[in-house]
Amino acid sequence: MIQAFGKYMVMLYSIFLKPEKFSIYWKRFVDEIIQLGLKSLFIVILMSGFMGAVLVIQTASVIESAWIPDYTVGFTVKQSMLLEFCPTIISLILAGKVGSNIASELGTMRVTEQIDALEVMGVNSVGYLIGPKIIASLFIFPIVIMYSMFFGFLGGGLVCFFTEIIPVEQYIEGIRSFSEENFGYVRYALIKTSVFAFLITSISSYFGYFLKGGALEVGKASTKAVVYSSVFILIANYILTQLILI
Amino acid sequence: MITVKHISKSFSDVQILKDISFVFETGKTNLIIGKSGSGKSVLTKCMVGLYEPDHGDIFFDDRKLSALKPKERKQLRREIGMLFQASALFDSLSVEENVAFPIKMFTKMSKEEIDERVNFCLNRVDIINKNQLYPSELSGGMQKRVAIARAIAMQPKYLFCDEPNSGLDPVTAIVIDELIQEITEEYNMTTIVITHDMNSVLEIGENIMFIDQGENKWTGSKNEILDVKVKELHDFIYVSKFLQQMKK
């Protein structure tokens, strides 16, 4: 356990060593933005839209009292999406998609000696392979989560429009209510997302980069990457909520 | 010239290399031969700096590897080309990009100069009109050739080849062996080939070291190897009935 933590820290240190050639690292950074962020956008939008839609139906169905205004539904959807669903649930989804992708990519490179080839050439393999992934995820994941927020609200709005479960105007009013607090909630969500982005990419990279064995181990590393990333996301979620919200 | 002196290496409690010493000569194809698991690859990985030996020293000409500072070690690595057993071409890069990778990373050549160098290297290994293909679209033999092209792209002083003809048919294997020998002579490199293929040994073995259970059991050339008296090497060479009959 301590040895693994030590290796993880050394790996993180190696990321910050001076790049051999900045232009090549920049190209890797752009590629990773596409790979990790833009290629995840469709699934994020799809999930967020349906989450928003389901939240509207569930919330509206449990609020039966005539004393509770309709805009409460919009308010509840907003709070749920901003505080928990978008940053945490979507990050858990990304841990599954991106985490397994990173671990299997690096694991395969290890097994097929591509990482050794980089090292023999004199390239800082951690900096070249992992550094751009971490930096790209820190940059793109918060943007992806903002898309998630927007499409989550949109999903809820479409349900209101098509089913008339509550009037769309009431839903929008709920979303916009207590607007002075919204900026703080978004900031909280983006801080959480940045921490989760770092955890997903660094933990998954660790399991892929230090893989030993063959094809079977690539699969195991991929599973471990998802499991450990998810567990650490949940722990970090609790700690950050305690630190920021209370 | 690369000199290894009294190299030992263990993993956990298992000793893989035991007091190995040898001189790999410049301009010659130096072979490390031995059975699978005898320690050939570990010795090579110690020499290129992927593993740290427990004891002993490695000298690249007059540079002692263990005494080099990280920057000097990086510089030395740029003088090394390596051909891996599974070629180790980067899957996400095309043939052209694979060969250009070390040049782009470590030189300030213009795009035209890089293209010229890449095409020269690919032509040298007889890979023509395949620049835009990806490694997965090439045959095993072609992958090895591209890997050789990448290894020589930076005009290395030292070339390491880890079982260059494993998984290849005998004809392609000999083509790869001959290519390595030609390149070695052409660029006056210190080339080290790890192999357990007797065809390669008899084809290109100018300076051979036989390793058995981590020990250097015999050194010599292809002209001497068939008359060897060392039991382990004799058993290694004459394992096939064909060679046994040939000897009789």
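Trainee: How many residues of domain 1 of chain B are in contact with domain 2 of chain B, and what makes them count as contacts?

Mentor: Two residues are in contact if their C-beta atoms, placed from the backbone, lie within 7 Å, and by that test 10 residues of domain 1 of chain B meet 10 residues of domain 2 of chain B. Helix α6 (residues 170–187) of chain B gives the most to the domain 1 side, with five residues; helices (H or I, at least four residues) and strands (E, at least two) are DSSP runs, numbered from the N terminus. This is a predicted model, in which local features need pLDDT of at least 70 and side-chain atom pairs count only at pLDDT 80 or more, while totals for chains, interfaces and linings use all residues. Residues are numbered from 1 along each chain as its sequence is written, while chains are lettered from A and ligands numbered from 1 in the order in which they are written.

Trainee: Where do the bounds of the two domains of chain B fall?

Mentor: They come from an automatic or database domain assignment, which gives chain B a domain 1 of 1–79 + 157–222 and a domain 2 of 92–155. The C-alpha centres of these domains of chain B are 24 Å apart.

Trainee: Why are β2 and β5 of chain B said to stand at the edges of their sheet?

Mentor: Two strands pair if DSSP finds at least two bridges between them, and the order of this open, antiparallel sheet of four strands is β2-β1-β4-β5 (chain B). β2 (14–24) and β5 (63–64) of chain B each have a single partner strand, so one side of each lacks a neighbour in the sheet. Strand β4 (residues 55–60) of chain B is joined to β5(B) by two bridges, in the antiparallel sense, and B:Phe60 stands opposite B:Arg63 in β5(B).

Trainee: Which strands of chain B make up the open sheet with mixed pairing?

Mentor: Its six strands follow the order β6-β7-β8-β3-β9-β10 (chain B). Here β6 and β10 (215–220) of chain B are the edge strands, because each has a single partner strand. Strand β9 (residues 207–212) of chain B and β10(B) run antiparallel and are joined by five bridges, with B:Ile211 having B:Asn216 as its bridge partner in β10(B).

Trainee: How many residues does each chain give to the contact between chain B and chain A?

Mentor: Chain B gives 15 residues and chain A gives 13 residues. On the chain B side, α3(B) gives the most, with four residues.

Trainee: Why is A:Ile63 called partly exposed?

Mentor: A residue is buried if 20 or more other C-beta atoms, placed from the backbone, lie within 10 Å of its own, exposed if 12 or fewer, and partly exposed in between. A:Ile63 has 16 other C-beta atoms within 10 Å, so it belongs to the partly exposed class. A:Ile63 sits in the loop between α3 (41–62) and α4 (71–111) of chain A, and, leaving aside residues up to four places away in sequence, A:Ile63 touches A:Ile68, A:Thr72 and A:Val73. The C-alpha atoms of A:Ile63 and A:Val73 are 8.2 Å apart, although these residues are 10 residues apart along the chain.

Trainee: What elements does chain A have, and how much of chain A is buried?

Mentor: Chain A has 10 helices and zero strands, and buried residues make up 45% of its 246 residues. Along the principal axes, the C-alpha atoms of chain A fill a box of roughly 70 × 35 × 35 Å.
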